Amino acid sequence: PPSPEVPKGLDKMGRASPIQPLSTFCCGCSLDGGIQVVLVGHSLVCAFFMVTCVSNIVLEMPTFGHRVPYSTQVFNCGFALATVPFIVAGISGLKYQIETHLRIYLFCLMFTFAMDSILMVVMVYFNSCARIPKFLDEYGSAAACGVSRSMGMASLFLYVSMMGYATFVVWSRCEQLRLSGSNQAFDELVGGAQRIAAFRPPAGLFGTGPKLLDAQPIEYGSLAPQPYGGGAKIFYGKTHDTNFPPTM
């Protein structure tokens, strides 16, 4: 039998695969909690780009990054706006445990990760020695360029590590949902139907009569025809007299 430490679904993945999904986030937290952290961080980054772009360009109130070219700010704001529906899909997939919605957000996260990594590599390669801080320029251009490029490489490594781990966490949860099937979703549907049936209103006056019966289709197993029935039994279903006038 599978180990109790392995979440449901992950035990079905073959151990021969070189890449195994995670079972926890940060060596102890649940994957759902880790995805919540990723979604909150992603939402804050998108809100930051949108707010700074509107403040710097539309309202003409200089804020962080006001010296960045307008074209770059507009692109960042537009990409942040386009990311919002994918974040909503990720929230839906996490809340309702829907693998398809969460995987849609995963694709967006992977595209963002790849694009940002390429842009950061280009920026570090071409701009490390072009924009040297004044306090480093005093030690010579060569030393300043080396320090600036080292700082750029460290920032790139930190970003790739954090973003790569966040993407891997989301992918692990998607694999867990894919392998575990839809049992949880069906259980929630059955539980909802049972709760609705428990609160079905009675047929009698002021709620004193018997509960209504379920409506049935005319043809068995068909959803096309209109259902019939669904009423309550006459006299609670205990008396059946076809004589007129009744003998009771």
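This is a predicted model: local features need pLDDT of at least 70, side-chain atom pairs count only at pLDDT 80 or more; totals for chains, interfaces and linings use all residues.
**Ground rules.** I number residues from 1 along each chain as its sequence is written.

**Overall make-up.** I started with the elements and found six helices and two strands, in the order α-α-α-α-α-α-β-β from the N terminus. Helices (H or I, at least four residues) and strands (E, at least two) are DSSP runs numbered from the N terminus. Of the 248 residues, 26% are buried (under 20% relative accessible area; exposed is over 50%, partly exposed in between; 1.4 Å probe, protein chains only). I got about 17400 Å² of accessible surface, with 68% of it on carbon and sulfur atoms (Shrake-Rupley method, 1.4 Å probe). For contacts (heavy atoms within 4.5 Å) between residues at least 6 apart in sequence, 55% join residues at least 24 apart.

**Confidence.** Mean pLDDT (the predictor's confidence in each residue, from 0 to 100) is 77, and 60% of the residues reach 70 or more.

**Helix α1.** I checked the length of α1: its 28 residues should span 40 Å at 1.5 Å a residue, and its end C-alpha atoms are 40 Å apart, so the two agree. (The expected span is 1.5 Å times one less than the number of residues.) Its buried residues include Leu-31, Ile-35, Val-38, Leu-39, His-42 and Asn-56. After α1 comes Glu-60, with a positive phi near 55 degrees.

**Helix α3.** Residues 99–127 make up α3, 29 residues reaching 41 Å between the end C-alpha atoms, close to the expected 42 Å. Among its buried residues I noted Glu-99, Leu-102, Arg-103, Tyr-105 and Leu-109.

**The core.** Which residues of the largest nonpolar core touch the most other members? Of its 22 residues, they are Ile-35, Val-38, Leu-39, Leu-102, Tyr-105, Leu-109 and Val-170. The helices α1 (31–58), α2 (70–96), α3 and α5 (141–180) each supply at least two core residues, and α1 gives the most, seven. Such a core is a set of buried Ala, Val, Leu, Ile, Met, Phe, Trp, Tyr and Cys residues joined through side-chain atoms within 4.5 Å. Beyond four places in sequence, I find Ile-35 in contact with Leu-94, Leu-102, Val-169, Val-170 and Arg-173.

**Gln-73.** This one sits in α2. Why does Gln-73 count as buried? Because its relative accessibility is 7%. Its side chain makes a 3.1 Å polar contact with that of Asn-56 (N or O atoms within 3.5 Å, one able to donate a hydrogen and the other to accept it; residues adjacent in sequence count only if both atoms are side-chain atoms). A polar side-chain atom of Gln-73 also lies 2.8 Å from the backbone oxygen of Val-68. Beyond four places in sequence, Gln-73 touches residues including Thr-52, Cys-53, Ile-57, Gly-65 and His-66.

**Glu-99.** I ended in α3, where Glu-99 is found. Its side chain has a polar contact of 2.4 Å with that of Arg-103. Setting aside residues up to four places away in sequence, Glu-99 touches Cys-174, Leu-177 and Arg-178.

Terms used:
Side-chain values use heavy atoms; hydrogens and water are left out.
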